[in-house]
Amino acid sequence: NISVSSSVSELAGEGGTFNVEVTAAGNSSYSIATDSDWLSLSAFSGSGSGIIRVTASKNTSAPRIGHVTVSETVTYKGTSLLLQNIITVNQDMFGLNIGVGDWESDGNDYGGEIE
């Protein structure tokens with residue numbers, strides 16, 4: 001009954017915002033949640049079709065992965081079923097600029113550094 005526009009989002013380390021389009025049959029209702037404190041959502045529930053804005057904070061540690069889940073409960077033959085669409089959010093580390101040759105034995109310094 002409900003679909004989302006993307007199942008994966010790639011973000012740079014400085015953070016940012018992206019939109020997830022939710023398409024719901026009829027006026028189906030759904031809930032939205034995240035498993036990561038570095039992701040914030042513009043809404044926690046909705047009905048019908050709409051857009052959820054997801055904002056990621058700046059990442060000053062190692063690359064990380066979080067998830068946004070859009071859930072719907074439906075009843076089929078008297079049984080309640082939980083249906084979920086999960087969006088995986090991959091975020092790089094801010095300021096990661098490592099030169100290829102810095103750890104290789106070619107003798108060249110490519111100016112790599114971790115800020």
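**Close-up views of an all-strand model**

**View 1. Element order in the predicted model.** From the N terminus on, the elements run β-β-β-β-β-β-β-β-β-β-β. The protein holds eleven strands and zero helices; helices (H or I, at least four residues) and strands (E, at least two) are DSSP runs, numbered from the N terminus. This is a predicted model, in which local features need pLDDT of at least 70 and side-chain atom pairs count only at pLDDT 80 or more, while totals for chains, interfaces and linings use all residues. Residues are numbered from 1 along each chain as its sequence is written, and side-chain values use heavy atoms, with hydrogens and water left out.

View 2. Four strands line up in the order 1-3-7-5, with antiparallel pairing. Strand 1 (2-4) and strand 5 (39-41) are the edges; each has a single partner strand, so one side of each lacks a neighbour in the sheet. Pairing requires at least two bridges found by DSSP between two strands.

**View 3. Strand 1 against strand 3.** Strand 1 pairs with strand 3 (residues 16-24) in the antiparallel sense, over three bridges. Val 4 stands opposite Val 22 in strand 3.

**View 4. The largest nonpolar core.** This core has 18 residues. Such a core joins buried Ala, Val, Leu, Ile, Met, Phe, Trp, Tyr and Cys residues through side-chain atoms within 4.5 Å; buried means under 20% relative accessible area (1.4 Å probe, protein chains only). Strand 3 gives the most, with four residues.

**View 5. Surroundings of Val 68.** Val 68 is among the core residues with the most contacts inside it. Leaving out residues up to four places away in sequence, Val 68 touches residues including Ile 32, Leu 39, Val 54 and Val 89 (contact: heavy atoms within 4.5 Å).

Definitions and conventions:
Buried < 20%, exposed > 50% of the residue type's maximum accessible area, 1.4 Å probe, protein only.
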